Amino acid sequence: MEADIVEELNDLRRDPQGFADKVIKYKDYFDDGEKILRIPGVLHGIKTEEGPAPYIEAADYLNKATPTYELTPSKGLFAIASDLLKIIQKEDPNNIGNIDIDPIIEKYGEFGGDFHRSIEFGGTTGEHTIVDLVAGDGDKSRSQREALLNENLKKVGVASGRHDKCRFINIIVACTQFNNKSGNDDYEL
């Protein structure tokens with residue numbers, strides 16, 4: 001799942017207009033007037049707050065976005081994402097905003113430049129995860145769109161796992177540069 005998320009994230013960054021085609025098809029996964037997302041092949045419908053509107057809005061945004069650099073997998077960032085996942089798996093999704101990530105980062109190294117983390121609940125594939133973040137259902141600021149396309153981000157780490165209340169959880173951490181305490185930071189997916 002982690003490799004799939006990185007691949008989809010890099011598709012988004014490399015070709016936002018092409019990714020808009022993926023996003024817009026999600027509007028068709030809603031029944032008229034309903035806010036339940038029913039992705040083909042997924043057993044359970046996903047309750048959304050806004051219905052298809054954020055998917056349409058996200059596709060429009062991406063059709064105007066500028067392509068940027070692909071992200072390189074980072075051993076240190078994958079470790080940070082994994083540790084963060086273990087903490088969040090024990091938390092109520094409503095309480096994750098108070099998690100201090102600084103000690104986790106310091107455990108593995110230090111970052112330079114911009115730093116961003118995305119936490120997504122429910123994504124069952126890499127595409128679904130990135131589409132969900134870009135759509136930003138329930139997040140009126142739609143801040144994930146700009147963050148995921150931030151040209152200053154160069155390195156990425158991802159962790160995915162089960163969550164008792166939300167079935168799945170996906171964590172993405174990205175930064176401009178990362179100095180891994182253990183030395184070599186290259187990571188093969």
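Hi everyone, let's begin with helix α1, residues 2-14, and helix α2, residues 16-25: their axes come within 5 Å and cross at roughly 120°. Please keep in mind that this is a predicted model. What does that angle make of the pair? Angles of 65 to 115 degrees count as roughly perpendicular and those over 145 as roughly antiparallel, so α1 and α2 are oblique to each other.

Who meets whom there? On the α1 side we have Glu8, Asp11, Leu12, Arg13 and Arg14, and on the α2 side Pro16, Phe19 and Lys22.

Now please turn to helix α6, residues 126-135. Is α6 mostly covered or uncovered? Mostly covered: ten of its ten residues are buried. The buried set includes charged residues, Glu127 and Asp132, as well as Ile130, Val131, Leu133 and Val134.

My last stop is Asn180, which sits in strand β6, residues 167-180. Why do we call Asn180 buried? Its relative accessibility is 13%, and buried means under 20%. And which residues does Asn180 touch, once neighbours within four places in sequence are set aside? Those are Lys75, Gly76, Tyr108 and Asp185. With Asp185 there is also a side-chain to side-chain polar contact, at 2.9 Å.

That's my tour, and I'm happy to go back to any of these spots with you.

Conventions: Residues numbered from 1 in each chain as written. Predicted model: local features only at pLDDT ≥ 70, side-chain atom pairs only at ≥ 80, totals over all residues. Heavy atoms only, no water. Helix = DSSP H or I, 4+ residues; strand = E, 2+ residues; numbered from the N terminus. Buried < 20%, exposed > 50% of the residue type's maximum accessible area, 1.4 Å probe, protein only. Polar contact = N/O pair within 3.5 Å; in protein donor to acceptor, adjacent residues only side chain to side chain. Contact = heavy atoms within 4.5 Å. Axes fitted to C-alpha atoms, helices over the stretch in contact; angles between N-to-C directions. Parallel < 35°, antiparallel > 145°, perpendicular 65-115°, else oblique.
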